[in-house]
Amino acid sequence: MAAGTFADAHALPLVGLEDAVHEGPASKRIITGYGFWIFLLSDIVMFSCFFAAYAVLLGQTAGGPTGAQLFNLPNVAIETACLLLSSFFCGMASVAAEVRSHRWFQIWMAVTCVLGLAFLAIEFHEFADLVARGAGPSRSAFLSAFFALVGCHGLHVSAGILWLLTMMAQVFAKGFRADIQRRFLCFALFWHALDIIWVGVFSVVYLLGSAA
Amino acid sequence: MSELHDTHRQAGLAPGDEEEINVRYRVLGYVVGLALAILLTATSFFVAGTDLVWQPSIPVAIVVLAIAQMGVHLVFFLHITTGPDNTNNVMALAFGLMIVFLVIGGSLWIMTNLNHNMMPMDQIMKMQR
């Protein structure tokens, strides 16, 4: 009786522990996601260098225009809304991919793409406007840092849109195969991570930059 | 299909994964994330332009709101959670955050210090003449 109680008391937690620890090798999907997450973190570390440069050079305007004179906050709010909604619809597309609904996947991906393109169009217009007003990247250290950071994010969004279109074509041509699902998982992570970086951009560059 | 089944039997989840395919529950997660993100963004933009709060607190408020919103994105959109199946992802995130804070904090600290200790530019110009 005593031995039985002893065994019962210790067997249960041990079984639970073994279930948690010895699951065998993780599935390919988990390993792919983990590897891509490491890449995203290294990308975020790279962006942190641009953020540091911008924060250091914020006051170095060389007699040129400051952030408060240049930035158009309503414009930035529209850009933010575009990117946030496109991140949300990318999430909707991942739900559609998981239930393998071709129609909804393509619809949500198209919405994601249109919002991403709207973001890029507004950003490009803003850059062209700044250059036309003589506030291009060569005007001051502050503007060099600004164009480097925001332009680098814009390049990432452009690459993301190319990837998005590739994913739409691959799902259309090959269906929701396991390897296509893994590629889409990586794309969704990339797109959400771009939105995280944009949170830093609109807070540090635009809101703090126009306050300084 | 068998791989999908295997994935869901596994305890470990990739970032971006959820254990159950429950459409309503998953959509609700994204909607909650979107609502929180909109709330935090709107607060951020409001705080930046208002006269209602003590002015020197505004930069701190904006930074705090931004960090909160990044957390919302990580949890609701990238599904980085504190669950036991997500340990590797969280550890990688912690290491990444450490590097980010070292780079940004260290740069700001050193450069402020240098600026503080450096002679004003016009005096340097006078010395060079």
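Predicted model: local features only at pLDDT ≥ 70, side-chain atom pairs only at ≥ 80, totals over all residues.
Colleague: Which element gives the largest share of the side of chain A that touches chain B?
Modeller: In the contact between the chains, 45 residues of chain A meet 47 residues of chain B. The elements that give two or more residues to the chain A side are helix H2 (28–57), helix H4 (73–98) and helix H7 (178–211). The largest share, 16 residues, comes from H2(A).

Colleague: How do the residues of the side of chain A that touches chain B divide into nonpolar, polar and charged?
Modeller: That side holds 45 residues of chain A. They divide into 30 nonpolar, 11 polar and four charged.

Colleague: What distance does H4(A) reach from its first C-alpha to its last?
Modeller: H4(A) has 26 residues. At 1.5 Å a residue, 38 Å is expected. The reach of H4(A) is close to that, at 38 Å.

Colleague: How many residues of H4(A) are buried?
Modeller: A residue is buried if 20 or more other C-beta atoms lie within 10 Å of its own. H4(A) is largely enclosed by the rest of the structure, because its buried residues number 20 of the 26.

Colleague: Are H4(A) and H7(A) roughly parallel or roughly antiparallel?
Modeller: The axes of H4(A) and H7(A) come within 10 Å and cross at roughly 160 degrees. H4(A) passes H7(A) in a left-handed crossing. Angles over 145 degrees count as roughly antiparallel. H4(A) and H7(A) are therefore roughly antiparallel.

Colleague: How do the residues of the contact of H4(A) with H7(A) divide into nonpolar, polar and charged?
Modeller: From H4(A), the contact includes Leu83(A), Leu84(A), Ser87(A) and Cys90(A). From H7(A), it includes Trp191(A), His192(A), Asp195(A) and Trp198(A). The residues of this contact divide into 12 nonpolar, six polar and one charged.

Colleague: Which residues does Asp195(A) touch, not counting residues up to four places away in sequence?
Modeller: Asp195(A) lies in helix H7 of chain A. It has 23 C-beta neighbours inside 10 Å, so Asp195(A) counts as buried. The C-alpha atoms of Asp195(A) and Ser86(A), 109 residues apart along the chain, are separated by 8.9 Å. The residues that Asp195(A) touches are Leu83(A), Leu84(A), Ser87(A) and His73(B).

Colleague: Leaving aside neighbours within four places in sequence, which residues are in contact with Gly200(A)?
Modeller: Gly200(A) also lies in helix H7 of chain A. With 23 C-beta neighbours inside 10 Å, Gly200(A) counts as buried. Phe105(A) is 95 residues away from Gly200(A) in sequence and 29 Å away in space, C-alpha to C-alpha. The contacts of Gly200(A) are Phe51(A) and Ala66(B).

Colleague: What is the phi of Arg100(A)?
Modeller: Arg100(A) is found in the loop between H4 and helix H5 (102–132) of chain A. Arg100(A) is partly exposed, with 15 other C-beta atoms within 10 Å. Its phi is positive, in a residue other than glycine, and near 60 degrees.

Colleague: Is His79(B) buried or exposed?
Modeller: His79(B) sits in the loop between helix H3 (58–76) and helix H4 (87–117) of chain B. His79(B) has a positive phi of about 55 degrees, although it is not a glycine. With 25 C-beta neighbours inside 10 Å, His79(B) counts as buried.

Definitions and conventions. Residues numbered from 1 in each chain as written. Chains lettered and ligands numbered in written order. Contact = placed C-beta atoms within 7 Å. Helix = DSSP H or I, 4+ residues; strand = E, 2+ residues; numbered from the N terminus. Nonpolar A, V, L, I, M, F, W, Y, C, P; charged D, E, K, R; others polar. Expected span 1.5 Å × (residues − 1). Buried ≥ 20, exposed ≤ 12 C-beta atoms within 10 Å, placed from the backbone. Axes fitted to C-alpha atoms, helices over the stretch in contact; angles between N-to-C directions. Parallel < 35°, antiparallel > 145°, perpendicular 65-115°, else oblique. Left-handed = near helix turned anticlockwise from the far one by under 90°.
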